[in-house]
Amino acid sequence: MTERESGNRYVIPALVLLTFVTIYPVSYVLYLSLYRRLLIFDISRFIGLDNYLFLFSDDRFWNALKNTVYFTSLSVSLELLFGLCVAVLLNRPFRFRGWIRAVVLIPWAIPTVVSARMWEWIYNTDFGILNYLIGSKINWLGSPFWALNAAVFMDVWKTTPFVAILLMAGLQVIPKDICQAARVDGAGGLAIFRRITLPLLKPVILVVLIFRTLDAFRVFDAIYVLTGGGPANTTETLSIYAYKVLFQTLQFGYGSTLSVVVFLCTGGISIFYIRLLSRGIKRTLHD
C-alpha cells in the first residue's frame, strides 16, 4: 500500500462525517428554499425562485439586514480598537501580569445567555445599575434608538478580551530587535507602532476580523435573550428573523431562503478576508 493510499484511509471517514453533518443539511436547506412549505396548513409546493424574489419586496428582511450590518460593523470595529489597546497594555512587563490577563478573560468565559441576562438587569430602567450611576431614567432596551446600541455595547464588553488575547499573541512573536534597532535610529514609540508593529500584526488582525465578523454577522443568542428582536423589530437581525419564520410561523420554505442568504453572506465575507490574508502573506514572503 502506498503512502497516499494509507493517508486516504484516514481522510475518508472524516469526509463521510462532514458529508452527513454539513453537506447534507446545507443541500436540504437549499432544496427547502425552493418550496412553499407551511406545516400548519400542510402545504408543500415547488415554487422555484419565488421565495428569493419575494426577498426584494420584504421590508422586514431589509430591516433585519440593515440591523445585522450595523451591529457587525460597529461591534467589530470597537472590539478591534479596544482589543488592540488592551493587547498593547498587557504586552508590557508589569507585576501580576499573568493574573491581570486571566481577569481580563472573565467576560469572554461567561456564557452568552448568562451575559445577556446580566446586562438585561444592568439596563433595567427602574432598578438597573447603569441608570443609577448616570442618574437618569433611560429605557435602554425599550427605545428603538438605544436598544441595538445597547446590544452592541454588551457584545463589545464580552468579546473584546478574546480579540485582545489573539492580538497579544501576535505582538509577542514580533522580533524585539527590530523595535530596538528603530529606537537606536531615533524612532519614537508612535512611529514604531505605526511603521513596524501594525504592519507585522496585519495577518493576525485579519484572522481576528474573520472570526469576529462571521460571529457578529450570525449573532443570535445575545440579542434574542436581551431584546427578543424588539422593540418593533429594531434589533431583529437576519438570524433572529430566520428563526422566527422557521420555528414560530413554521414557514419552512421562506425560512430556509433566509438561512441560505445568511450562508451566502458569511461565505462571501470569508472569501473576501481569506483573499486579503493570502495577498498579505504573499507580499510578506516577497518582501
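User: Which helix does Ala 182 lie in?

Analyst: Helices here are DSSP runs (H or I, at least four residues), numbered from the N terminus. Ala 182 lies in helix H9, residues 176-184. A word on the source: this is a predicted model, where local features need pLDDT of at least 70, side-chain atom pairs count only at pLDDT 80 or more, and totals for chains, interfaces and linings use all residues. Residues are numbered from 1 along each chain as its sequence is written, and side-chain values use heavy atoms, with hydrogens and water left out.

User: Is Ala 182 buried or exposed?

Analyst: We go by relative accessible area: under 20% is buried, over 50% is exposed, and in between is partly exposed (1.4 Å probe, protein chains only). Ala 182 has 11%, so Ala 182 is buried.

User: And what does Ala 182 touch?

Analyst: Contact means heavy atoms within 4.5 Å. Leaving out residues up to four places away in sequence, Ala 182 touches Ala 187, Ile 192 and Ile 196. Take Ile 196: Ala 182 and Ile 196 are 14 residues apart in sequence, and their C-alpha atoms are 8.8 Å apart in space.

User: Okay, now rings. How do I read an aromatic pair?

Analyst: You describe a pair of aromatic rings by the distance of the centres and the angle of the planes. Rings of Phe, Tyr and Trp (its six-membered ring) pair if their centres lie within 6.5 Å; planes under 30 degrees apart are stacked, over 60 edge-to-face, and the rest tilted. By this rule the count comes to 20 aromatic pairs. One of them joins Trp 140 and Trp 146, edge-to-face, at 5.0 Å centre to centre with 70° between the planes. Trp 140 is buried at 10% relative accessible area, while Trp 146 is partly exposed at 32%.

User: Why is the pair of Phe 220 and Tyr 224 stacked?

Analyst: Their ring centres are 5.1 Å apart and the planes sit at 15°, so the pair counts as stacked. Phe 220 is partly exposed, with a relative accessible area of 24%, and Tyr 224 is partly exposed too, at 27%.

User: Which residues do ring pairs link into a cluster?

Analyst: That cluster is made of Trp 119, Tyr 123, Trp 140, Phe 145, Trp 146, Phe 153 and Trp 157.

User: What sits over the ring of Tyr 35?

Analyst: For a charge to sit over a ring, NZ of Lys or CZ of Arg must be within 6 Å of the ring centre and within 35 degrees of the ring normal. Over Tyr 35 you find the charged end of Arg 37, 5.6 Å from the ring centre.

Note on methods. Helix = DSSP H or I, 4+ residues; strand = E, 2+ residues; numbered from the N terminus.
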